[in-house]
Amino acid sequence: GRLLPDYIFGYNQARLSSMLFVPPGSHDYQRWTYEYDSRGLKSSETCFNKRKEIVARISYQYSFQ
């Protein structure tokens, strides 16, 4: 069979913008995309499956005191 990497990372302006994860022994994959706010803090993560369906979404809120 073909050799596939476990992880492929994408960067935009020195920030992680996406991660492709291939589970061992599988032909399926998960693609995580990352969004950042104006301060450079992560605002959300979204996970898509091979069929481009949303599997998970995480949103972040920050409070500064």
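Biologist: Let's start with a pair of charged residues. Which side chain meets that of Arg 39 in a salt bridge?

Modeller: Asp 37 is the partner, and the N to O distance is 3.3 Å. Keep in mind that this is a predicted model. To read a salt bridge, look for a side-chain nitrogen of Lys or Arg within 4 Å of a carboxyl oxygen of Asp or Glu. The Arg 39 and Asp 37 pair counts because its 3.3 Å falls within that 4 Å cut-off.

Biologist: How many salt bridges does the rule give here?

Modeller: The count comes to 3. Lys 42 and Glu 45 are joined by one, at 3.1 Å from N to O. Glu 53 and Arg 51 form another, at 3.6 Å.

Biologist: And how many positive and negative side chains does the protein have?

Modeller: There are 9 positive and 6 negative ones. The centres of these two sets lie 4 Å apart.

Biologist: Back to the bridges. Is Arg 39 buried or exposed?

Modeller: Here you compare the relative accessible area with two cut-offs: under 20% is buried and over 50% is exposed, with partly exposed in between. Arg 39 has 53%, so it counts as exposed.

Biologist: Could you pick a residue within a strand? Where is Ser 44 found?

Modeller: Ser 44 is in strand E4, residues 42-48. It is buried, with a relative accessible area of 3%. Setting aside neighbours within four places in sequence, the residues in contact with Ser 44 include Thr 33, Tyr 34, Ile 58 and Ser 59.

Biologist: Which strand holds Ser 18?

Modeller: Ser 18 lies in strand E2, residues 15-21. It counts as buried at 9%. With residues up to four places away left out, Ser 18 touches Ile 8, Phe 9 and Gly 10, as well as Arg 31, Trp 32, Thr 33 and Tyr 34.

Biologist: Can we try one in strand E5? What does Ala 56 touch?

Modeller: Ala 56 lies in E5, residues 54-59, and is partly exposed at 25%. Not counting residues up to four places away, Ala 56 touches Trp 32, Glu 45, Thr 46 and Cys 47. The C-alpha atoms of Ala 56 and Trp 32 are separated by 9.0 Å, although the two residues are 24 apart along the chain.

Biologist: What share of the contacts joins residues 24 or more positions apart?

Modeller: Such pairs account for 4% of the contacts with a separation of 6 or more.

Definitions and conventions: Residues numbered from 1 in each chain as written. Predicted model: local features only at pLDDT ≥ 70, side-chain atom pairs only at ≥ 80, totals over all residues. Heavy atoms only, no water. Contact = heavy atoms within 4.5 Å. Lys, Arg positive; Asp, Glu negative; His and termini not counted. Charge placed at Lys NZ, Arg CZ, Asp CG, Glu CD. Buried < 20%, exposed > 50% of the residue type's maximum accessible area, 1.4 Å probe, protein only. Helix = DSSP H or I, 4+ residues; strand = E, 2+ residues; numbered from the N terminus.
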